[in-house]
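Please open the structure in the viewer and keep the selection tool at hand. This tour moves from one selection to the next and states what is found at each stop.

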Amino acid sequence: MLDPVYTVLSLIIIVPLALFLGVIYSFLIRKLSARFQWRVGPMFRMYSDLKPLLGTTRLLQPLYDILKLYGKETIVPDVSRRRLFVYSPYLSLIFAVTAILFIPFPGMPLLSGVPYSLIIASYLLIASTLFSILGPVASGSPWAAIGARREVELFLVSELGFVLSIFAVAIARQSLVIWDIANGGQSIYLALLTVAAGVLMLVAMLGKLHIKPFDMPEAEAEIVAGPYTEYSGKLLGTYYLTKVFILYGLVALFISLFLPPLATSVLWLPLYLLAALVLVFLLTAVQVLNPRYRIKNAINWYLKVVIPLGILNLIIALAIWLVV
Amino acid sequence: MGIIDKSRIYSPWLYHLHCGGCNGCDIETLAALAPRFDVERFGIQLVPSPRHADILLTTGCVPKQFIPMVKRIYEQVPEPKVVVAVGSCACGGSLFYDDAPDNYAILGHPDLLIPVDVYVPGCAPKPEAVINGVVQGILKLAEKRTKK
Amino acid sequence: MSTEIKILKQVLSKYSKPMTLTYPSTVAPDRRYSQIPEGLRGIPERDNDKCIGCRACYFVCSGRATSIYDKDAKRTVEIFLFRCTFCAHCQEACPEEAIKMTNKFEIAVPDREDPAARVLTDLELLKCKNCGTPFVTKKLADRTYERLMEKIDPIVKETVSTDYKKLDGYCPDCKRAYGVDFDTHTKKYVWLEGI
């Protein structure tokens with residue numbers, strides 16, 4: 001595991017791999033939600049007579065979106081704080097990419113073996129979100145300001161659920177190293193915790209990924225494009241890239257924390273991918289079945305349902321630690 | 001053809017600019033974006049901000065009070081961009097505009113303000129006609145790429 | 001939660017079949033277009049042989065899409081589709097039933113000057129025998145004579161016919177100016193005699 005050459009190699013490989021998997025996940029979210037709405041969505045196989053113009057497959061549709069944005073003109077508003085506006089997408093991307101280096105992939109422990117890697121990974125994910133709030137605030141647009149404010153409010157409560165769930169697992173497993181947690185065995189009590197904390201994590205993921213009941217930061221009918229209103233071209237593309245990486249990172253973190261042996265050996269790879277697909281399917285199902293909450297309702301819901309659930313989790317975790 | 005040039009054709013994002021008019025064309029345009037004609041098959045998405053758009057889809061005659069907004073929204077769409085005018089009002093003014101007696105309220109078709117690339121006449125055009133226009137707009141987008 | 005389960009059931013009930021049409025593609029012709037109703041008013045088409053250039057469509061056009069140019073002994077009747085509201089008033093007004101609304105609707109054109117955006121008919125203008133000014137289309141003059149002869153009272157038919165032929169080919173100004181020289185039968189009693 002600590003073979004430095006292999007670690008360095010896997011660190012280099014994981015970034016394009018994470019990008020690819022993230023793109024596939026976001027494609028699946030788009031495709032599945034399209035099928036839920038009785039439409040086709042981005043096509044697996046293009047119609048035969050349109051192939052020369054429109055390409056054979058749209059499996060990489062989110063990647064095409066990002067690449068197209070990189071080929072477009074970038075407009076920086078006059079009223080913006082130029083430096084913060086321009087650099088925060090890149091900082092957000094850097095934090096997201098760094099975060100995924102701490103999350104194991106089957107056959108690649110990466111940096112997940114370093115001490116306190118759980119805390120580092122969650123901090124990096126939070127920092128990435130932070131810069132996706134700071135940039136819009138610097139843009140000087142009222143819509144971006146409203147969107148950023150909503151994002152801050154949502155971030156405060158969803159982050160609480162996220163932290164409670166990962167620390168419940170950490171306490172039960174008595175480790176702050178992701179690799180140790182991912183390597184741990186299973187027992188009935190731990191499975192119970194996995195279910196309870198897993199639900200909590202899923203709910204926190206909804207808030208972090210802006211999936212439907214919690215997509216008020218980007219509510220297009222109300223506040224134009226929310227935080228990203230003033231962003232265009234490369235900078236917007238960078239934010240979309242960050243989103244892809246965060247989607248991959250959260251799914252990988254979920255699997256390595258709550259479905260322990262799946263993220264360790266290469267032999268688990270098919271099951272890992274299956275678990276990821278199920279997770280993406282769950283996220284999509286939640287997205288298509290729900291309308292958008294108002295920010296007040298969302299916070300109320302988090303405070304009334306999620307936080308008690310998180311505290312219950314902590315109690316279960318403490319019980320497991322002390323009794324078992 | 002590079003991958004970025006290709007992806008420009010693969011994911012044209014659309015901003016719907018309603019300049020005034022009777023809403024008929026808007027309803028047909030939205031029908032074209034709905035599940036029956038699902039344009040997401042080709043990567044076309046309706047975006048809420050003009051800064052994200054590639055294709056500006058205008059409907060209706062421009063009232064004189066709306067002139068600055070039309071100009072500004074056109075300028076905010078980053079290059080390369082294509083303007084598709086949907087409906088007879090947006091193509092030639094139709095009922096609301098005549099060359100000779102100057103109307104106190106209405107300027108006319110948006111072509112007088114911004115360069116329109118594709119015209120989709122119809123009152124209102126069927127959703128198929130709108131999609132046909134958008135596809136021609138994508139072809140124009142490809143042309144603009146090759147010029148640069 | 002029960003509402004969500006209801007929605008999920010509804011969503012999954014037809015999940016296997018998307019309702020999307022294959023529009024720009026031709027792979028499945030039966031699923032290509034949405035409903036095209038019988039009386040859909042698409043592009044107006046003009047039968048060039050039937051059109052006589054009478055300008056009836058010009059007077060009723062609600063969007064002022066129809067325009068008529070007289071140039072070099074040639075009359076051009078034009079419908080500019082960019083201004084057309086597809087109201088079919090011209091179809092109703094046309095005395096010769098030359099204009100017909102088709103149900104074609106795919107007319108996106110990239111240019112204002114594109115020939116696809118205009119429905120054109122060229123007609124020959126008749127020149128005045130006296131002063132040489134083009135004043136009416138040949139077809140209109142012929143058709144007027146025909147219809148006149150169809151509907152006229154048989155008693156006056158012969159007189160009117162000879163008179164018409166004398167006046168035929170002169171522009172309104174010349175008719176007025178040299179009316180006396182034509183020696184036409186203007187007396188009204190011809191008609192009164194019959195009664």
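Two residues are said to be in contact if their C-beta atoms, placed from the backbone, lie within 7 Å. The model shown here is predicted.

Begin with helix 3 of chain A by selecting residues 61-70. This helix is mostly covered, for 9 of its 10 residues are buried. The buried residues are Q61(A), P62(A), L63(A), Y64(A), D65(A), I66(A), L67(A), K68(A) and L69(A). What covers these residues? From chain A, the cover includes helix 1 (4-36) and helix 9 (233-258); helix 1 of chain B is also part of the cover.

Next, select residues 3-10 of chain B, which form helix 1 of that chain. Now widen the view to the whole contact between chains A and B, where 20 residues of chain B meet 31 residues of chain A. On the side of chain B that touches chain A, helix 1 of chain B supplies the largest share, 5 residues. By residue class, this side of chain B comprises 8 nonpolar, 6 polar and 6 charged residues.

Finally, turn to the contact between chains B and C, to which chain B contributes 29 residues and chain C contributes 24. Select helix 4 (88-92), strand 7 (118-120) and helix 5 (127-147) of chain B: these are the elements that give two or more residues to the side of chain B that touches chain C. Which of them gives the most? Helix 5 of chain B does, with 9 residues. The side of chain B that touches chain C consists of 14 nonpolar, 8 polar and 7 charged residues.

Definitions and conventions: Residues are numbered from 1 along each chain as its sequence is written. Chains are lettered from A and ligands numbered from 1 in the order in which they are written. This is a predicted model: local features need pLDDT of at least 70, side-chain atom pairs count only at pLDDT 80 or more; totals for chains, interfaces and linings use all residues. Helices (H or I, at least four residues) and strands (E, at least two) are DSSP runs, numbered from the N terminus. Ala, Val, Leu, Ile, Met, Phe, Trp, Tyr, Cys and Pro count as nonpolar, Asp, Glu, Lys and Arg as charged, and the others, Gly among them, as polar. A residue is buried if 20 or more other C-beta atoms lie within 10 Å of its own, exposed if 12 or fewer, and partly exposed in between; C-beta atoms are placed from the backbone.
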